[in-house]
Amino acid sequence: MTRAEHRARTPAIEDAALGEIQRHAADTYPDECCGALLSRDGRIVEAFRLPNTTASGARRRFEISPSDYRLAERRAAEADALLAGFYHSHPDHPARPSQHDLEQAWPNFTYIIVSVITGEPRDITAWRLREDRSGFDQEEF
């Protein structure tokens, strides 16, 4: 499967990766967490934590540093996987992309958002940026 074919497919996600996203979101509440998604054969097989390096307040924003992005790419290569996208949490807000998420998104990645209500992970959604950058389309997983 080529990289383009892989990226065009709607991802399935392993239970272990989904569980890690939920644990990370609960652990960082009331701040936003963030991390990377690795996939193999069209399935997200790993979610791993990255530091939220935002300077504008982790309660409502997340940022992944360039060095952590490179770390995610290296980890994917070492695992014979692809960097499929990123995840983050929305503390006490719906699991829907914000305007800030839209402004910061990169094409060809899956974005998973988990809503955390009073410390408990709830809804989890997956999104892909439209090619014209006008918004996101929700993915099923």
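Q: Which residues does Thr125 touch, not counting residues up to four places away in sequence?
A: Thr125 touches Ala95, Tyr111, Ile112, Ile113, Gln138 and Phe141. Keep in mind that this is a predicted model.

Q: Where does Thr125 lie?
A: Thr125 lies in strand 6, which covers residues 120-129.

Q: Is Thr125 buried or exposed?
A: Thr125 counts as buried. Its relative accessibility is 11%.

Q: Why does 11% count as buried?
A: Buried means under 20% relative accessible area. Thr125 comes to 11%, so it counts as buried.

Q: Which side chain does the Thr125 side chain join in a polar contact?
A: That of Trp127. The polar contact between the two side chains is 2.7 Å.

Q: Let's zoom out. How many helices and strands does the protein have?
A: The secondary structure comes to 4 helices and 7 strands.

Q: And how do the elements run from the N terminus on?
A: The order is α-β-α-β-β-α-β-α-β-β-β.

Q: What about the overall dimensions? What box do the C-alpha atoms fill?
A: Roughly 40 × 30 × 30 Å, taken along the principal axes.

Q: What radius of gyration does the protein have, and what would a compact globule have?
A: The protein has 14 Å. A compact globule with 141 residues would have a radius of gyration near 14 Å, so the value agrees.

Q: What percentage of the residues count as buried?
A: Of the 141 residues, 46% count as buried.

Q: And the accessible surface, what does that come to?
A: About 7400 Å². Carbon and sulfur atoms account for 46% of that surface.

Q: Take contacts between residues at least 6 apart in sequence. What percentage join residues at least 24 apart?
A: 61% of those contacts do.

Q: Now charges. How many are positive and how many negative?
A: There are 18 positive and 24 negative charges. Their mean positions are 1 Å apart.

Q: New residue: Leu50. Where does Leu50 lie?
A: Leu50 lies in strand 3, residues 43-50.

Q: Buried or exposed?
A: Leu50 counts as buried, at 4% relative accessibility.

Q: Which residues is Leu50 in contact with, leaving aside neighbours within four places in sequence?
A: Leu50 is in contact with His24, Cys34, Gly35, Ala36, Ile64, Asp68, Leu71 and Phe86.

Q: Back to Gly35. What separates the C-alpha atoms of Leu50 and Gly35?
A: The separation is 4.6 Å. Along the chain, Leu50 and Gly35 are 15 residues apart.

Note on methods. Residues are numbered from 1 along each chain as its sequence is written. This is a predicted model: local features need pLDDT of at least 70, side-chain atom pairs count only at pLDDT 80 or more; totals for chains, interfaces and linings use all residues. Side-chain values use heavy atoms; hydrogens and water are left out. Helices (H or I, at least four residues) and strands (E, at least two) are DSSP runs, numbered from the N terminus. Buried means under 20% relative accessible area, exposed over 50%, partly exposed in between (1.4 Å probe, protein chains only). A polar contact is a pair of N or O atoms within 3.5 Å; within protein, one must be able to donate a hydrogen and the other to accept it, and residues adjacent in sequence count only if both atoms are side-chain atoms. Contact means heavy atoms within 4.5 Å. The radius of gyration is taken over C-alpha atoms; the globule rule is 2.2 Å times the number of residues to the power 0.38. Accessible areas come from the Shrake-Rupley method with a 1.4 Å probe; for residues, only the protein chains shown count as cover. Lys and Arg count as positive and Asp and Glu as negative; His and the chain ends are not counted. The place of a charge is taken as NZ of Lys, CZ of Arg, CG of Asp or CD of Glu.
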